[in-house]
Every structure is written in structure tokens, then in C-alpha cells.
Amino acid sequence: MKRDLVAAGALWLILTAIGELLAVFVDFYPLAKADKGEDIEHAFRVLVYFAVPVFTMVVAVLVYSFLRQHTTEFPTDDGPPLQGRGSIPLAWFVITSALTLAIAIYPGLVSIPNIFGDEPNPDLVVEVEGMQWTWFVSYPQHDVARVSELVLPVDRTVRFNITSRDVLHSFWIPGFLMKIDAVPGRTTTISLKPTKTGSYQTDPNLRVQCAELCGLFHSKMRIPVSVVSDEEFAAWLEEQAGAADAAPLSEETEAADALSGGIER
Amino acid sequence: MAVAAAHADVKARRPGINQLGLWLFFASESFLFSALATARFVIAGTDRPDELNQALGLAITSVLLLSSLTAYLAECAIARDDRPAFLRNLLATIMLGLLFVAGVVVEWSTAEFHLSEPYGSAFFSMTGVHASHVVSGMAMLALVYWLGLRGHFSAKGYWGVEATIKYWHFVDVVWVFFYPALYLVSW
Amino acid sequence: MTHTAEREAPASAWSALVPLARGVLWGLAGFGLGVALIAVLRAGAGRSAWSLELSITFGYALGIVGWLFGVGVWERWGREWFGLSTKEGPTGWQRYFAFTLDHKVIGIQYLATFLLLFLLAGLFAVLIRAQLLSPEGAVMGEGTYNQVMSLHGIIMVAVAVASIIGGFGNYFVPILIGAEDVAFPRVNALSFWLVPPVAVLLLTAQAVGGWDSGWTAYPPLSLQNASGQLFFSLAIITFGLSSILGGLNFLTTIIYMRAPGMTWGRLPIFVWSMFSAAILALLFTQFFAAAMLMLILDRIADTSFFKAAEGGEPILYQHIFWFYSHPAVYIFVLPGLGLTLEILAHFSRKPLFAYRWAVGGFLGIVGLSAIVWAHHMFVSGMDKRLIAPFLVTTEIISVPTGLIFLSALGTLWMGRLWIRTPMLFAMGVVFNFLIGGVTGIFLADAPTDVNLSDTYFVVAHFHYTIIGAEIFALMGGIYYWFPKMTGRMYDERLGQLHFWLMFLGFNLTFLPMFWLGLHGMNRRIATYTPDLQGVNIFVSVMGFILAASFLIFVFNLLRSLVWGAQAGADPWRARTLEWQVSSPPPVENFPAPPVVSGHPYDYGVPGAPAHGVVGMAGGSDEVSR
Ligand SMILES: [Cu+2]
Ligand SMILES: [Cu+2]
């Protein structure tokens, strides 16, 4: 039995080593293009590091038990009558509890304020309204209202104030790894900072994708996202202001509740 | 014969089985009622409209509590084979139940808030679901009354009576929670 | 003792239809009455007599009563309420089509019904995968896709709720505890006969426009939907009632009907898992029913529980819904895990490792499952202060789950693994549920869930827990108990072929879905961005292989049912009580009352007494077949 323990333990170690190596070198996500996206990717990676030895342990026991003794005929004798009443279950209980608490704290609890927190003084406020089946984006600081594309300056903090006109939607930018539901009657927020330039044309994950089932054209409810330099952003704003004949929004509507009143036709 | 012995064993356990089944049913039902009560506080907050008819609310609450007393008396009566008292109290319970339902109907038709307001949604659905339980309880009581008239039930066997009256008490207890949640809560 | 029931001359085949036909007729009469009632009331109030959803709701409420009474409640039960004597039901094979009280018949009724529904919803899955062969959708429009996806979802959820519990729970819990039936046989039959209306409602919803809000039916979308949504809600309430009554019955049965000597410490682990699932079904199902009730009222009675514009709260629905639906995943999976442990012990020829800890695991999951629901709502826009506590409670649930893994691994360790089809499936469950469990951590962890929620990562995760654990356990259980239920052996080679095709097909279908989720594919979409097409084609092809494996399964079952070798009472030489009686067991289960004096899994324990002995009439071999 002792030899079996050693052999299975060795199998576990080998599998774990392979697994951890893969975990370090495999890119799980396509390049995250926002600060919080990078944090989320990091949290994901940490969880994988924890998960690998758990996974390999179960696999090692399964595989080793199978290799050690299996038969297609009715076994001639019974297995060793291990009841599992002693300290092994207790040790297992303590270790799994400790592991669980560890990952609940890090990367769990520790990351919540960062990921879910709001930027109080963002460089840019973007108001988003979902409706079946598109998104309307407004830049109240820049008098740009209700465009169906999202353009953001790189390395600037952005706060999105999101709401919905009809049913639930979910504001998701896969390239940023961030999402929040759009709820009628409420304003939900996310704050983040794009860190890399790019556009939907070259990276399909740079899109606002509705991620909450919202009826007929749910899957098509997506608009392109571009992350551009400050200069390009300014130029784009200019262009929009020229094109828009919509009445500019007043300063007061910058408040978080602007969407409920400000943009209604 | 061995099978017969096992059968007798199950028979001996039958009262316990029935009791447990009934109480589990109440446990389950209480989850339904607490879902409704939760919804009431989530959508309408911890307040109530001033236009509530407090007198009527208090009156129907008293009527329902009183009906639990007569129900209890009916059960005691059949336990000592006092059929006239049993039937009398059963009838009183049904009548009080009717009075309660009538009170709810009045409440509904005179309410000054509308179904489509958050509080109205909670009020009408909570009282409605509860009243439907009262009505089903009354139907069961009526059946028990009819059977009792025809000589069913005795001190030796009255599970049908006991179950029905326990159910009646349960519905009553639900109202004990619903009444303050709808009529009294305010802060 | 032989089956007295089967000795009587079988009536003509048509007579089997009589109870069903009466049920339908009385059901239609009830429906008409309900509609008429509403018509009278509305006409009295000066409104049009027919209001689609209101009339249908009331018609259905009375219709279901008519159906139940017609199909057998009246003859076998209701007459008693009015002091009349009840009538016996049909005997012979006709009892499978009637309001029959024998828990074994009800178990078979459940199994057959839900296997059919499983295959049907599996066909919908094939349609879904066919659609996703192309980024623009290969076979249907978005509208049809959303409806097919919704139907697939809710039917599979129903299968997950009721196939193991209703099938094996009914057939085997009484036998495993040494009882002759469940505590409330008539309630049991009632539970089953509530199911056909559910299937009819879900499958006829298309006639009134269907519904496309998935199995979750979130408002406001579900308020905006066509009347199919109403059918959905009525179906859920009906099914919920069935499941609540089932839970009540199992709890009472396990508490009161155990044979002498069947202490709580000697209960087979499958019974413990059923006990746990029954608690959850009994209590939490009411919340799903309540959510549906509020949805119906919002639709037909002008209330505004979930209407933001009137002051209602759409997010309230999600709280109520998940307060049931998270425990529901344990209703799905706990009986599957119990069944898996059962099979692992018998086929490893070893005691179940850490039995008491495993029981603690089941009960611990029951306790914790009430306080984890909002992990489905980390990005729903709910109060952000709720995120941290629900993250912690959810992570903690992996501790009791870990105890079940401990039991499985300790049992396998150094066991004499007898590789038969049930054992392969049980080991498959351990592997699949491991992946399901580990990936659950990523979803429970709020920061990573921000990206993963509502993506194919979630789809992969819950298919690993539901198919990977429960459906694999269901298949293992079918092969394990097939000889007991039918008296015949299945074909071992076909069984193992089914396992390997299903195991590989399953893993190759769903592993890549994790990748899809990480790379920007969200769930419930009829079309997707073209960069994901390659992996989607792979997934679809593997999914077709997974689907094909069930053809082997069905073929094996049907063939073995007729031509399988005689199985004998105890083909697995297992210790639990069901193997101590004939295959199939006699109507009263035990020809003589069983006496239990040992633990069910004491394989190889020196001097351990038999788990149970069936009466003085002799051992299992003398039981007539
Ligand atoms: Cu959508
Ligand atoms: Cu959950």
C-alpha cells in the first residue's frame, strides 16, 4: 500500500508539473485591452494555478486505481476494507476548507473593490442605452448623442452609465473582459481604462455585445468599439458634432440619472 | 403471513406518516407565502398607503382568529364523540370563513389603491393567494361537515377532521404574518 | 409468490386507453367550465367574454383537475372522500398507462416519459449545433432558434429534475430501505400524472406564438412575449407541484418506512442523496412557482411586480428565480452523485469510503444551497454590497462537495475495479463532475465571473455538471438496474461502446466551449462573429457524435428488453436489498419482511454481517421469477 501511495503521488506530481507549466504558458484570453481586463485575466490565472493540483489529484487517483487493479471478470476477492473513519477525512476537510477560504479571499474578495468599483472622477463619461436590438452611446461632456458606435481614447479612465429602454440587456465588451446588465429603470455602471488601441475591424472582441437574452435579434445586438489616440478621439468627436443635429445635452444631464430623462424623445 | 405482519406494521405507523406528510406540506407552503411577502417588501418598501381600511382589516383578522377557535372546539368535540357540538362548531367555522372572504371582497372592491401600483400588486396578490387558501379550506370543511352529518368520523378515527382543521389553523397563521405585513408595517 | 396482478386475463389492448381518454375528456370539460366561468364573470362586468390569457389560465386550472380526476384520482382516491369505495386499477401491462399505485410502475412511467423527453430535447440540441455550423446561422432564423433553444433548455431542466428522482427514486428508494411502497402511493401517482400536461403545454406553446426567453424567463422580456410564455408559466407551476409532492413523499417514506434494523447509519448512500434532494424539492420549488405566479399576474391581471415603469423591480424576479434554481442544480445532481457512489462501492468491492462524511457532504450542500443564489447575479446590476457575501458562501459550497469526491476517490483507491458499463459511467461522472466543479470556482469568483457570466464558459460548465454528472449517472443507473427492473441483461459490449462514444463525444463537445466563452462567444445566440467558426464546427460535429451514441443506447435497451439473457436476482453480487429479491421484484417487493443487520457496503470486512436478509422464507435464489 505504501508503494502505491508513492507511485500515485509521483503520478500526481508529474501531472501537476505539466499542468502548471501549461497554465503559465498558455494564453487563456485573447489579449485583454483594458486595465481591469488584465486584472481579471490575472485572477483567472491564479485560480487556474489553484485548480491544477486539485484536478490532477483526482485524475491521478482515478487513473492509478484503474491501472493498478481492474478486471472484466467478477473479481476473485474484495478490496481492502478501508472505511475512511480516521484522520484522513478530517485532514481532507481541513485542507479543502483552507484552500476554499484562500481563494475566496484572493483573488476573490481582494479584487472586488477594484473590479466593481467606480471611478469617481473619470476622464470620460459615456452614457449607454440598450434597446431591442441596438446600443445608443452618448458623450454628454462632448455633446455627442446617440451614436451606434463606441469610440474611446486609449489610457483614459471611462465610466459607463448604462440603462435600458425596454428589456434586460447586458453591456459586454469581450476585449475588455467587462460586463454589466442594462436594466430598465436603473442605471448600472462600470469604470475602466482601455490600455491598447484597436478596432472591431481587426479584433472582433472589440465590440459591445449584448450578453443577456433580449429577444429576436439578441445575437445581432452588437456595435463596434474603437480604442484610439487622444488626437483621433478629438477628431472623431469633431466629426460627430458636425454631423449631429440633435440638441446638445445641457451640463446638468451629466449626472448619473441623466438617461432616464435626458434622452427620451 | 409475514407480509401481513409487515402490513400491520405500516398500519401502526400510519398516523405518524400522515402527520409528517401534512407538516411537510405546511413547510412547503410557507415558502410560497414568504416569497410573496418578500416581493411585497422589495417592490413596495416598508410602507403602506394611508387609505387602507384599518377597521375592516382588524375586523376580518378577528373573524379569522375566532374561526380557529371554533375549529379547535369542533376537533375537541369529535375527539369525545360529541357529534352535535362537532357539527355546530364546524358550521360556525365555515360561516366565519365566509365572513372573512366577504370582508376581503369588500376590501377589494373599495380599495383606493390600484392593482398596478407596487403596493397594490402586493396587496391584491397576497390577500388573493391567501383567500384562495381560505376558500379551499372551506371546501374541505364543508366536505367534512357533510360526511359528519352522515355519521362519518368518531373518537376512534377522525384523521380527515384533524387534517382539515390543522390546515385551517395553518392558513390562519399565515394571515397572522400577512396582516401586519400589509396593514401595520410602517417605518 | 408470483405476480398476482399478471395472472389475470389481459383485457383488450384498447382498454388501456380508457383512463387516458377519460382524463382527456374530463380535462376538456374542466377547461370549458373554466373558460365559461370567466366569460360569465367578464360579461357581467360588461367586458368581452374571451380574454386569451385569462380564459386559458382559468380553463387550465379547472382542466388539470378534470384530467387528474378522469385519469384515475376519482376512481382510486376521490371516491373515498365522499364515503364511497374506491375501485381497483387495471392489471397487467395496462397498469403502465393508468393511475397505478405501485411505486415500481410509477418509476418506470417516469423513466420512460423522461427518456422520451430527453431524446426529444436532444434533437433540439442537434438543431442548435446545426445552426451554429455557420456564423450567420446555418438552418433557421433567429426567431426559430431562440424558441428551439428555450424548448431545449426547459425540457432538459425538467428531465434533470425528474429522471433520476422520479425514475430511480420511485423504483428503488422503497426497495433499498426495505419498504413495500412509498408512504403515500396515491400522492405518488398524482405526482406522475401531473407530468403529461406539462409536456403538452410546453410542446403546444408554439400554437400561441411560443416563447423565446430561455428556461429562465427573465422579465421584462417574458412580459413582452407571446402567449407561449403563459403556457410556460403554467407548465412550471404544474411541474413544481409534482416535484413538491414527490419531495414530500420521499421524505416521509425515508423517515417512516425503513425496515427493522435500517438505521440512518445503514442507509444506502443513494437514499441519503434522495433525502437531500427531496428537502430541496419540497421547499425551494415554491419560489419558482411564486415567480411564475407573479409573472402570470403581471401578464393577465395588470400587477407590476416586474414592470420598472410602474415601480416594479425586474431584478426581484432573478432573486426569486435563483433562490429556487440554484438549489435546483443540487436537485439535479445530488441523486446522480449518490447513485455514482453506490455504483463505485459495489464495483470496487470495497466499503464506501468515509460514508458519514459523504452524508455530511450531502446535508451540508442542502444547508448551504439556500444562501448562494445571487452568484448568478454578480453582473445583474443588483446592490454591489451583495457580491462579497455571496462569493464567500458559494466558494464554501465546494467543501461539502469535496467530501463527496473524497468518498468517491477513497472508494476507488486500491479497489478491485470490475469494469462493467455501470462502473465506466460512474468513473465518468467522477471525471466530468471534477471539471464541472473546478470550472464552477471561476464562476463563483465574482471578478472572473464579470467576464465569464452569460458566455459559453457557463454553457460548458453547467453541461458538465448536468450531463457530465447527472446524465452520466442516469445512464450508469439504467445499466446497473436494468437487470433488476426487467429481469434481463443488457448487452455489455454495446453498453461499453455507448459509454466510450458518449464520454468522448461529450468531452470533445463541451471542453472547447470553455475556450469559446473565453474568446468572446456569449450564450443563447443564433449567430456569432466569424472568427469563432472553426471551433464551432468542431463542437457541432462532436455534438453529433454525442447524439449518435444514444442510438446505440436505445437499440441496446430495446433489444435486451426482448432478447436479453435472464439476469437472475443478483448479477452484480451486490449487498444492497434490491439484489436480495427476484428480478423484477414481486408486487409487494419482499416476499417476507427484510431484516437489516449490517452496513450496505461492507465488502471484504472480516466478519461483517449481511446487509439485510429477506425473511425466513429463504435466500434470494428461492424467490420465484
Ligand atoms: Cu440581448
Ligand atoms: Cu447557482
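1. In this predicted model, the side chains of A:Glu129 and A:Arg165 meet in a salt bridge, at 3.4 Å from N to O; the term denotes a side-chain nitrogen of Lys or Arg within 4 Å of a carboxyl oxygen of Asp or Glu. A:Glu129 lies in strand E2 (residues 124–131) of chain A and A:Arg165 in the loop between strand E6 (158–164) and strand E7 (169–173) of chain A, so the pair ties together parts that are 36 residues apart in sequence. Helices (H or I, at least four residues) and strands (E, at least two) are DSSP runs, numbered from the N terminus. A:Glu129 is buried, at 5% relative accessible area, whereas A:Arg165 is partly exposed, at 28%. Here buried means under 20% relative accessible area, exposed over 50%, and partly exposed in between (1.4 Å probe, protein chains only).

2. On conventions, the model is predicted: local features need pLDDT of at least 70, side-chain atom pairs count only at pLDDT 80 or more, and totals for chains, interfaces and linings use all residues. Residues are numbered from 1 along each chain as its sequence is written, chains are lettered from A and ligands numbered from 1 in the order in which they are written, and side-chain values use heavy atoms, with hydrogens and water left out.

3. A salt bridge also joins A:Arg156 and A:Asp230, with the closest N and O atoms 2.3 Å apart. Because A:Arg156 lies in the loop between strand E5 (150–153) and E6 of chain A, and A:Asp230 in helix H4 (residues 230–243) of chain A, the pair ties together parts 74 residues apart in sequence. A:Arg156 is partly exposed at 34% relative accessibility, and A:Asp230 is partly exposed at 29%.

4. In chain C, C:Glu80 forms a salt bridge with C:Arg186, the closest N and O atoms being 3.0 Å apart. C:Glu80 belongs to helix H3 (residues 52–81) of chain C and C:Arg186 to helix H6 (residues 185–193) of chain C, so parts 106 residues apart in sequence are tied together. Both are partly exposed, C:Glu80 at 41% relative accessible area and C:Arg186 at 23%. Elsewhere, salt bridges that share partners join A:Asp27, A:Glu41 and A:Arg45 into one network. Over all chains, the search finds 23 salt bridges.

5. The copper ion (ligand 2) is coordinated by C:His326 (ND1), C:His375 (NE2) and C:His376 (NE2), at 1.6 to 2.0 Å. Donors are N, O and S atoms within 2.8 Å of the metal (3.2 Å for Na, K and Ca); water is not among the atoms, so sites may look incomplete. The donors of this ion follow the spacing H-x48-H-H along the chain. C:His326 in helix H11 of chain C and C:His376 in the loop between helix H12 (355–368) and helix H13 (387–396) of chain C are 50 residues apart. C:His326 is buried, at 6% relative accessibility, while C:His376 is partly exposed, at 32%.

6. Of the 2 pairs of chains in contact (heavy atoms within 4.5 Å), chains A and C share the most contacts. Chain A and chain B do not touch, their nearest C-alpha atoms being 13 Å apart.

7. The contact between chain C and chain B takes 40 residues from chain C and 38 residues from chain B. The area buried between them is about 3,200 Å², with 74% from carbon and sulfur atoms; buried area is the accessible area (1.4 Å probe) that two parts lose on being put together, summed over both. The count of salt bridges between chain C and chain B is 0.
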